[in-house]
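Visitor: I would like to learn how to read a few features of a protein model. Could you take me through them one at a time?

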Amino acid sequence: MVTEQEITHCFEKLGEMGLDPNARLSSTLSKRGVARPLDFRRSADRRLRAKVYERDGYTCQGCGVMAREVPMNYDGRSALYAANGDYLVVDHIVPRSAGGTNAIDNLQTLCDRCNSVKGSTIDKERKAHE
Ligand SMILES: [Zn+2]
């Protein structure tokens, strides 16, 4: 049995760590700068995707390939094809696994090809450090 006193003690400990024990877990995580995965079914994340693409001119920041076609008033709902036949993706410049956030400064437009090259480079770097 966990007593009420023990629970209170736990809450106090969380408070000392700078965490709000009453906050929901997700907002606690985002306050601590840990990104949750982007989910483009969420309208906030779709808007973020549209914003990143717009800022980058619908162009892959790796190889410069452009989106083949951008719908009018693009709202991030659908994925965009690049002229090379790949998809454009939103990439985390600092990977989430390394503490990167979903802040727009940490996001860039990449084509699928550049994204997978980047992914394998990071894997190699990670292995080299092991
Ligand atoms: Zn590219």
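Visitor: How many of the residues of strand 1 (residues 88-92) are buried?

Guide: Before counting, note that this is a predicted model, in which local features need pLDDT of at least 70 and side-chain atom pairs count only at pLDDT 80 or more, while totals for chains, interfaces and linings use all residues. Residues are numbered from 1 along each chain as its sequence is written. Helices (H or I, at least four residues) and strands (E, at least two) are DSSP runs, numbered from the N terminus. A residue is buried if 20 or more other C-beta atoms lie within 10 Å of its own, exposed if 12 or fewer, and partly exposed in between, with C-beta atoms placed from the backbone. By that rule, 4 of the 5 residues of strand 1 are buried.

Visitor: Which strand pairs with strand 1, and in what sense?

Guide: Two strands pair if DSSP finds at least two bridges between them. Here strand 1 and strand 2 (residues 107-111) pair in the antiparallel sense over 5 bridges; D91 has Q108 as its bridge partner, and H92 stands opposite L107.

Visitor: Which way do the residues of strand 2 point?

Guide: In a regular strand the side chains alternate between the two faces of the sheet. In strand 2, L107, T109 and C111 point one way, Q108 and L110 point the other way, and all are buried. Strand 2 is largely enclosed by the rest of the structure because 5 of its 5 residues are buried.

Visitor: Which residues touch the most other members of the largest nonpolar core?

Guide: In soluble globular proteins, nonpolar side chains tend to be buried together. A nonpolar core is a set of buried Ala, Val, Leu, Ile, Met, Phe, Trp, Tyr and Cys residues joined through C-beta atoms within 7 Å. The largest one has 14 residues, of which C60, A82, L88, L110 and C111 touch the most other members. The elements giving two or more residues to this core are helix 3 (43-55), strand 1 and strand 2.

Visitor: Where is Y58 found?

Guide: Most residues other than glycine have a negative phi. Y58, in the loop between helix 3 and strand 1, has a positive phi near 55°, and Y58 is partly exposed because 19 other C-beta atoms lie within 10 Å.
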